[in-house]
Amino acid sequence: MSLHEELTAVQHCLDDLVRTVGRLERSLARLREDAAGRPGTPDHPTDMVTITEAPYDATLWTDSDDEGLGVRGRHAP
């Protein structure tokens, strides 16, 4: 395959990519328009949860594993 043929093939692939990205952008815009104003979307949350600044009860963490560190008091073999 000559350099000119390879460049032509690359140009066709780029053109296809540009068309596909354009279609995806239009689809995403339509989805956003459809979801706008619909309850439960990030723009319109249905339930708000208030998190207090009070410290958590330490007993919640009793017998819990430290993620990535394993169980307290145990040593690796």
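This is a predicted model: local features need pLDDT of at least 70, side-chain atom pairs count only at pLDDT 80 or more; totals for chains, interfaces and linings use all residues.

**Notes on a tyrosine and a salt bridge**

I started with Y56, which counts as exposed because its relative accessibility is 60%, over the 50% cut-off.

Next I looked up where Y56 sits, and I found it in the segment after α1. Which residues does Y56 touch, leaving aside its neighbours within four places in sequence? I noted contacts with I51 and W61. W61 also lies in the segment after α1, and that helix spans 3–35.

I then checked the surface around these side chains. Y56, I51 and W61 belong to a nonpolar patch, together with V49 and L60. I wrote down an area of about 660 Å² for this patch.

How many salt bridges does a search of the whole structure find? I got 1. The partners are D16 and R19, whose side chains meet at 2.1 Å, N to O. Side chains of opposite charge can pair when their charged atoms come close. Both D16 and R19 lie in helix α1, 3 residues apart, which is about one turn of the helix.

Last, I stepped back to the whole chain. I counted 1 helix and 0 strands. Of the 77 residues, 3% are buried. The accessible surface comes to about 7700 Å², and carbon and sulfur atoms account for 59% of that surface.

Terms used
Residues are numbered from 1 along each chain as its sequence is written. Side-chain values use heavy atoms; hydrogens and water are left out. Helices (H or I, at least four residues) and strands (E, at least two) are DSSP runs, numbered from the N terminus. Buried means under 20% relative accessible area, exposed over 50%, partly exposed in between (1.4 Å probe, protein chains only). Accessible areas come from the Shrake-Rupley method with a 1.4 Å probe; for residues, only the protein chains shown count as cover. Patches are made of residues with over 30% relative accessible area and no salt bridge: like charges are joined within 9 Å, nonpolar side chains (Val, Leu, Ile, Met, Phe, Trp, Tyr) within 5 Å. A salt bridge is a side-chain nitrogen of Lys or Arg within 4 Å of a carboxyl oxygen of Asp or Glu. Contact means heavy atoms within 4.5 Å.
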